Amino acid sequence: MGFRTGFVIGSILFIYGLLYIMSSYDYPLLFHGAFGKEEVRNAIDFYLSIYSAPLSVKALIHAIIGLGMIGIVAKIVRWQENDKYFGSISLLLYFVSVLMYIGVNIPNMRALKYPDEMRIVHRAVFDAEAYRKVENYDFKPLSERETTSVVQVISATNVIITVLLAGVLLMQIGEWYAVRLDRIAENKMRQESIAKLGAQRGDEKKKN
């Protein structure tokens, strides 16, 4: 396993650590039939704390996410036979997960932070009230139901990202296993060639 693969796996494991922490707030909203205002409030407070985190914390998280992308791209640039399949699929899955984070999670966390800003609320992805779907309406801050919907969208996105990153890990393990099998086969052929060459030399000595 090279340093490129280490970048990818290390980044994913770090992200999984964050997703594990988030799961304690996400799963009650997604997989428990009944949840109360306390669960919603806890999830909102948690995501607001992430959105309002110091710049150094955000920079660290985004740098590690970028490191995983760099690792996959560096493996594809090397372009070996296995990269046609494992590397390309890994890049696709990782890129989609990053896009979901940028295109869904960040706008929705921003909407939680600024629920009374029309421009920000319009960029969020959630189950809006019917009046928001009509043009030229009188803007109102997010309702309680809409706020719950925003948090659930973030939670669902985290679950999807978890599955996508699991696919990246599976591709990396599959690539490692394929390379290992190739090396075993090459070593076996080398040993057979050495044995065959040794037998030929032995026969020549006997003739001489």
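Colleague: What should be kept in mind about the model, its numbering and its atoms?

Modeller: The model is predicted, so local features need pLDDT of at least 70 and side-chain atom pairs count only at pLDDT 80 or more, while totals for chains, interfaces and linings use all residues. Residues are numbered from 1 along each chain as its sequence is written, and side-chain values use heavy atoms, with hydrogens and water left out.

Colleague: Which residues of the largest nonpolar core touch the most other members?

Modeller: A nonpolar core is a set of buried Ala, Val, Leu, Ile, Met, Phe, Trp, Tyr and Cys residues joined through side-chain atoms within 4.5 Å. Buried means under 20% relative accessible area, exposed means over 50%, and partly exposed lies in between (1.4 Å probe, protein chains only). The largest core here has 42 residues, and those touching the most other members are Ile 12, Tyr 47, Tyr 94, Leu 112, Phe 126, Leu 165 and Val 168. At least two core residues come from each of helices H1 (3-31), H2 (37-51), H3 (55-78), H4 (86-113), H5 (118-123) and H6 (144-207). H6 gives the largest share, nine residues. Helices are DSSP runs (H or I, at least four residues), as are strands (E, at least two), numbered from the N terminus.

Colleague: What does Phe 126 touch?

Modeller: Contact means heavy atoms within 4.5 Å. Leaving aside residues up to four places away in sequence, Phe 126 touches Asn 108, Val 121, Arg 132, Leu 142, Glu 146, Ser 149, Val 150 and Val 153.

Colleague: How many aromatic pairs does the structure hold?

Modeller: A pair of aromatic rings is described by the distance of the centres and the angle of the planes. Rings of Phe, Tyr and Trp (its six-membered ring) pair if their centres lie within 6.5 Å; planes under 30 degrees apart are stacked, over 60 edge-to-face, and the rest tilted. The structure holds three such pairs. One of them, Tyr 25 with Phe 46, is stacked, at 4.4 Å centre to centre and 15 degrees between the planes. This pair links distant parts of the chain, with Tyr 25 in helix H1 and Phe 46 in helix H2, 21 residues apart. Tyr 25 is partly exposed at 27% relative accessibility, whereas Phe 46 is buried at 15%.

Colleague: Why is the pair of Tyr 27 and Phe 31 called edge-to-face?

Modeller: The ring centres of Tyr 27 and Phe 31 are 5.2 Å apart and the planes stand at 80 degrees, so the pair is edge-to-face. Both residues lie in helix H1, four residues apart, about one helical turn. Tyr 27 is partly exposed at 39%, and Phe 31 is exposed at 53%.

Colleague: Which residues form an aromatic cluster?

Modeller: Tyr 25, Phe 46 and Tyr 47 form one cluster.

Colleague: Where do charges sit over rings?

Modeller: The criterion is NZ of Lys or CZ of Arg within 6 Å of the ring centre and within 35 degrees of the ring normal. Lys 58 lies over the face of Tyr 51, 5.1 Å from the ring centre. The charged end of Lys 140 sits over the ring of Tyr 131, 5.6 Å from its centre.

Colleague: How many salt bridges are found?

Modeller: A salt bridge is a side-chain nitrogen of Lys or Arg within 4 Å of a carboxyl oxygen of Asp or Glu. The whole structure has five. Among them, Asp 45 and Arg 41 have their closest N and O atoms 3.2 Å apart. These two are four residues apart in helix H2, about one helical turn.

Colleague: Which parts does the bridge between Arg 145 and Glu 129 tie together?

Modeller: The side chains of Arg 145 and Glu 129 meet at 3.2 Å, N to O. Arg 145 is in helix H6 and Glu 129 in the loop between H5 and H6, so the bridge ties together parts 16 residues apart in sequence. Arg 145 is partly exposed at 38%, as is Glu 129 at 22%.

Colleague: Is the bridge between Glu 146 and Arg 132 made by buried or exposed residues?

Modeller: Glu 146 bridges to Arg 132, with the closest N and O atoms 2.7 Å apart. Glu 146 lies in helix H6 and Arg 132 in the loop between H5 and H6, 14 residues apart. Glu 146 is buried at 0% relative accessible area, and Arg 132 is buried at 11%. Separately, salt bridges with shared partners join Asp 127, Glu 129 and Arg 145 into one network.

Colleague: What span should H2 have?

Modeller: The expected span of a helix is 1.5 Å times one less than its number of residues. For the 15 residues of H2 this gives 21 Å, and the end C-alpha atoms are 21 Å apart, which agrees. The buried residues of H2 are Val 40, Ala 43, Ile 44, Phe 46, Tyr 47, Leu 48 and Tyr 51.
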